[in-house]
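Here's a quick tour of the fold you have on screen.

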Amino acid sequence: MKVSLDACLFGAVCDVTQRQHILDIGTGTGLLALMIAQRSQAGIDAVELDQAAAQQAQSNFQNSIFHSQLTLHHTSIQDFQSQQPYDCIVCNPPFFTDHLQSDNAQRNQARHNDGLSFADLAKHMARLLRGDGAIWLLLPPHEQQNFQPHAQTHRLHLQQHVEIRSRENKPSKMGIWHYALQPVQTTGRQVITIYQPNSNEYTTEFTRLLADYYLKL
C-alpha cells in the first residue's frame, strides 16, 4: 500500500511523550511504528495479520537503527495477547464500510473493515489499554461516527479531534482522534492544513511536524 500524507502526519502528531509500552494495531509495513520509535524510548509491539505486509515490516524493523525497540507479531488483534497493558495504542485501521471492493484481496484487507470491525477494534483496544493510557486513531469523520457507538460501549471517551485539511478552504476528509478511559468535559479541537492556499507548497505547520521524517523538507 502507498504511504499517504495523512498516515505520515498521523505518525508525527500522536503524542507518545513519556510512554513506555506502545501497541501499533495493523502496522502494515511498519511506517507508524518506525516513526514513533524515532521519537520515543518505548518498547513497541506491532501487530499485522497480512503475511506479506508482516514480512516487509519485519525487514524494515531489522534494517532500522530502532530495531531493539520494535517487536512484530504476525497475528490478528483478536488473537493477540500481552502480559501487560499498553499506555498507548495507535491504529490506522481499515475504514471502508459497505464500499465496493477491488479484485485485489490484499488491498481489500488493508482498506475495508470486514476482517476487523469497529466493534472488535474498540473491544480489543479497551482490553489492552492501561487505565491511564491513550488511544490514537486515524479515521475519516464519517467513519469515526460509525466507530463512536462502539467506543462508548467500551467506555472509551473522545479527548481530542485533530482535523486534517488539504487546504484551509476545504472540508476535512480525514481526522486524528484521541481516546482514553477518562471522560472529559470538553473535547479538544485542532486543525492542521497540509498545503498553502493556491499552491502545492506545504504549510509551515506541516513542514514543522514532518521535518524530522521527510528528507526534502
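In what sense do strand β1 and strand β2 pair? They pair in the parallel sense, over five bridges. Within that pairing, H21 has G43 of β2 as its bridge partner.

A word on ground rules. This is a predicted model, where local features need pLDDT of at least 70 and side-chain atom pairs count only at pLDDT 80 or more, while totals for chains, interfaces and linings use all residues. Residues are numbered from 1 along each chain as its sequence is written, and side-chain values use heavy atoms, with hydrogens and water left out.

**The sheet and its helices**

The chain has seven helices and eight strands; these are DSSP runs numbered from the N terminus, helices being H or I with at least four residues and strands E with at least two. The eight strands make an open, mixed sheet, ordered β3-β2-β1-β4-β5-β7-β6-β8, where pairing takes at least two DSSP bridges between two strands. At the edges sit β3 and β8, each pairing on one side only. From one strand to the next, the twist averages 15°.

| Helix | Lies across | Angle |
|---|---|---|
| α3 (residues 51-62) | β2 and β3 | about 165° to β3 |
| α6 (residues 141-153) | β5 (129-139), β6 (157-165) and β7 (174-180) | about 15° to β7 |

Angles run from 0 to 180 degrees between N-to-C directions, with axes fitted to C-alpha atoms (for helices, over the stretch in contact).

**Inside the chain**

Of the 217 residues, 47% are buried, meaning under 20% relative accessible area with a 1.4 Å probe and protein chains only. Take I36, found in helix α2 (residues 31-38): its relative accessible area is 0%, so I36 counts as buried. Leaving out residues up to four places away in sequence, I36 touches V16, I22, I44 and V90; contact means heavy atoms within 4.5 Å. I36 and V90 are 54 residues apart along the chain, with 9.7 Å between their C-alpha atoms. Across the chain, 70% of the contacts with a separation of 6 or more join residues 24 or more positions apart.

**A pocket**

The second largest pocket holds about 160 Å³ of space. A pocket here is an open set of points on a 1 Å grid over the protein atoms alone, with protein on both sides within 12 Å along at least five of seven lines; lining residues have an atom within 4 Å of a point. Its volume is the space filled by probe spheres set on the points. Among the lining residues are D6, R165, K170 and K173.

Key: On a 1 Å grid over the protein atoms alone, a cavity is a set of points where a 1.4 Å probe fits but cannot get out, and a pocket is an open set with protein on both sides within 12 Å along at least five of seven lines; lining residues have an atom within 4 Å of a point. Buried means under 20% relative accessible area, exposed over 50%, partly exposed in between (1.4 Å probe, protein chains only).
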